[in-house]
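Hi everyone, thanks for making time today.

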Amino acid sequence: QVQLVESGGGLVQAGGSLRLSCAASGSIFSINFMGWYRQAPGKQRELVAPITSGGSTNYADSVKGRFTISRDNAKNTVYLQMNSLKPEDTAVYYCNAEVTGWDLGRYDYWGQGTQVTVSS
């Protein structure tokens, strides 16, 4: 089993910054994809930013130029630096990871979610 533990959410004023962290632990041979999703009330969960094991990144149009995803492979940790936050960024943010286990099977895991609230 693998656990993803997120931290760093909270309440911030518009224009402010937050940094989310997600640490993976457990039965991990390697971590392939890692990414951050978010879900606002009444909306579908959306992909915010993915990062591959090689460090290739992508961003949703709504966060380009404001958010930066990074990862520390040695620590099995992914980060999301969020700058110039807007009220529309308010959501529960979820960490996701595709993990190769010691049985060489690929498994998908989710964190418990962390609330980000941006006040206007």
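Let me start with one word I'll need: buried means under 20% relative accessible area, while exposed means over 50%, and partly exposed lies in between. Please also keep in mind that this is a predicted model.

With that word in hand, let's turn to charged side chains. Arg66 is buried, and Asp89 is buried too. These two residues form a salt bridge, and their closest N and O atoms are 2.7 Å apart. Arg66 sits in the loop between E5 and E6, and Asp89 sits in the loop between E7 and E8, so the pair ties together parts that are 23 residues apart in sequence.

Asp89 has another partner as well. Its side chain meets that of Arg38 in a salt bridge, at 2.9 Å from N to O. Here Arg38 belongs to strand E4 and Asp89 to the loop between E7 and E8, so this pair ties together parts that are 51 residues apart in sequence. How accessible are these two? Arg38 has 6% relative accessibility and Asp89 has 1%, so with the cut-off at 20%, Arg38 counts as buried and so does Asp89.

Which residues end up in one network? Salt bridges with shared partners join Arg38, Glu46, Arg66 and Asp89.

How many salt bridges are there by this rule? The count comes to five. One of them is between the side chains of Asp61 and Lys64, at 3.2 Å from N to O. In this pair, Asp61 counts as exposed, at 67% relative accessibility, and Lys64 is partly exposed, with a relative accessible area of 49%.

Now, on to the nonpolar side chains. The largest nonpolar core has 31 residues, and the members that touch the most others are Trp36, Leu80, Met82 and Tyr93. Several strands supply at least two residues each, including strand E1 (2-7), strand E3 (18-26), strand E4 (30-39) and strand E10 (114-119). Which strand gives the most to this core? That is E8, with five residues.

Let's zoom in on Leu80. If we leave aside its neighbours within four places in sequence, Leu80 is in contact with residues including Leu18, Leu20, Trp36, Val48, Phe67, Ile69 and Tyr93.

Next, the strands themselves. Four strands form an open sheet, in the order E1-E3-E7-E6, with antiparallel pairing. Which strands stand at the edges? They are E1 and E6, each with a single partner strand, so one side of each has no neighbour in the sheet. On average, and ignoring direction, neighbouring strands here are turned by 15° against each other. If you look at E1 and E3, you'll find that six bridges join these antiparallel strands. Glu6 stands opposite Cys22 in E3.

Finally, a word on aromatic rings. A search of the whole structure finds two aromatic pairs. In one of these, the rings of Phe29 and Trp102 have centres 5.2 Å apart and planes at 80°, so the pair is edge-to-face. Phe29 is in the loop between E3 and E4, and Trp102 is in the loop between E8 and strand E9 (106-110), so the pair links distant parts of the chain, 73 residues apart. Buried or exposed? Trp102 is exposed, with a relative accessible area of 58%, whereas Phe29 is partly exposed at 46%.

Note on methods:
Residues are numbered from 1 along each chain as its sequence is written. This is a predicted model: local features need pLDDT of at least 70, side-chain atom pairs count only at pLDDT 80 or more; totals for chains, interfaces and linings use all residues. Side-chain values use heavy atoms; hydrogens and water are left out. A nonpolar core is a set of buried Ala, Val, Leu, Ile, Met, Phe, Trp, Tyr and Cys residues joined through side-chain atoms within 4.5 Å. Buried means under 20% relative accessible area, exposed over 50%, partly exposed in between (1.4 Å probe, protein chains only). Contact means heavy atoms within 4.5 Å. A salt bridge is a side-chain nitrogen of Lys or Arg within 4 Å of a carboxyl oxygen of Asp or Glu. Two strands pair if DSSP finds at least two bridges between them. Axes are lines fitted to C-alpha atoms, for helices over the stretch in contact, and angles run from 0 to 180 degrees between N-to-C directions. Rings of Phe, Tyr and Trp (its six-membered ring) pair if their centres lie within 6.5 Å; planes under 30 degrees apart count as stacked, over 60 as edge-to-face and the rest as tilted.
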